[in-house]
Amino acid sequence: EKIEYLNSQWFASIEKANTAAYNSGKSLYITKNYTLTANTTLTANTYILKGGGFTKASTYTLNINGPFHAGLDTVFTGFNAGDVVFALDVIKEAFPQWWGAKGDDTVDCTVAINSAFAAVVRGQVVFVKGNYKTTETILVPKMITMKGVGNVAGIDPAVTSGSTIHG
């Protein structure tokens, strides 16, 4: 039976796993959380499975230059806007959930939303059904659109505490 993927846990580091997957033409399955110990670039076709992801340490950044697939779980922990960047056309849509947004109208999603917008070079940021509390300005770059999924999509200004984005 031919294995079409490499599990990141089979390697000593995420960098070695990425290199092996890219050079072999296989997909990279990330099944655990990695704390960045250097600026990191992923070039392999990457799948983030439940429990997989990245935690920021120090000032390190993560560049994703190959295809990227993830569910709606938190993938990027402790990252700010601009710390995770996807290469042009690597993804068509990003989800604030990847940065920890909850959409429960309680958790402040400002950093998560701004991080999603900052990460995408061209495409859209998708808000699944929910109410996303924000307390500061949301920066939407050129070439990026916002898409709401659910019955209502829009931004309602709040009286004093910012806005709520409805997905």
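Arg-122 has a relative accessibility of 35%, so it counts as partly exposed. The cut-offs here are under 20% relative accessible area for buried and over 50% for exposed, with partly exposed in between, using a 1.4 Å probe and protein chains only. Before I go on, this is a predicted model, where local features need pLDDT of at least 70 and side-chain atom pairs count only at pLDDT 80 or more, while totals for chains, interfaces and linings use all residues. Residues are numbered from 1 along each chain as its sequence is written, and side-chain values use heavy atoms, with hydrogens and water left out.

Back to Arg-122. What does it pair with in a salt bridge? Its partner is Asp-89, and the closest N and O atoms are 2.6 Å apart. By salt bridge I mean a side-chain nitrogen of Lys or Arg within 4 Å of a carboxyl oxygen of Asp or Glu. Arg-122 sits in the loop between H2 and strand S13 (123-127), and Asp-89 in the loop between S10 and strand S11 (93-94), so this pair ties together parts 33 residues apart in sequence. Helices (H or I, at least four residues) and strands (E, at least two) are DSSP runs, numbered from the N terminus. Asp-89 is partly exposed too, at 48% relative accessible area.

Side chains of opposite charge can pair when their charged atoms come close. How many salt bridges are there in the whole structure? The search finds three. Another joins Lys-50 to Asp-73, with 3.3 Å between the closest N and O atoms. That pair links distant parts of the chain: Lys-50 is in the loop between strand S5 (46-48) and strand S6 (53-55), and Asp-73, 23 residues apart from it, is in the loop between strand S8 (68-70) and strand S9 (76-77). Lys-50 counts as exposed because its relative accessibility is 69%, and Asp-73 counts as partly exposed at 36%.

Then there is Asp-83 with Lys-56, where the closest N and O atoms are 2.7 Å apart.

Next, helix H2, residues 110-119, which includes Ser-115. Ser-115 counts as buried because its relative accessibility is 2%. A polar atom of its side chain is 2.8 Å from the backbone oxygen of Val-111. Leaving aside neighbours within four places in sequence, Ser-115 contacts Phe-79, Asn-80, Ala-81 and Trp-99; contact means heavy atoms within 4.5 Å.

Thr-110 is also found in helix H2. With a relative accessible area of 4%, Thr-110 is buried. Its side chain has a polar atom 2.7 Å from the backbone nitrogen of Thr-135. Not counting residues up to four places away in sequence, Thr-110 touches Lys-133, Thr-134, Thr-135, Glu-136, Thr-137 and Ile-138.

Now a sheet. Strands of a sheet pair through backbone hydrogen bonds, either parallel or antiparallel. Here an open sheet of four strands runs in the order S1-S2-S5-S8, with parallel pairing. Strand S1 (5-7) and S8 are the edge strands, each pairing on one side only. Two strands pair if DSSP finds at least two bridges between them. S5 and S8 run parallel and are joined by three bridges; one of the bridge pairs is Thr-46 with Phe-68 in S8. Helix H1 (residues 14-24) packs on this sheet, where it touches S1 and strand S2 (27-30), and its direction makes about 155 degrees with that of S2. For that angle, axes are lines fitted to C-alpha atoms, for helices over the stretch in contact, and angles run from 0 to 180 degrees between N-to-C directions.

One more residue: Lys-129, in the loop between S13 and strand S14 (131-134). Lys-129 is exposed, at 61% relative accessible area.

Finally, the whole protein. It has two helices and 17 strands. Of its 167 residues, 39% are buried. Among contacts with a separation of 6 or more, 37% are between residues 24 or more positions apart.

Note on methods
Polar contact = N/O pair within 3.5 Å; in protein donor to acceptor, adjacent residues only side chain to side chain.
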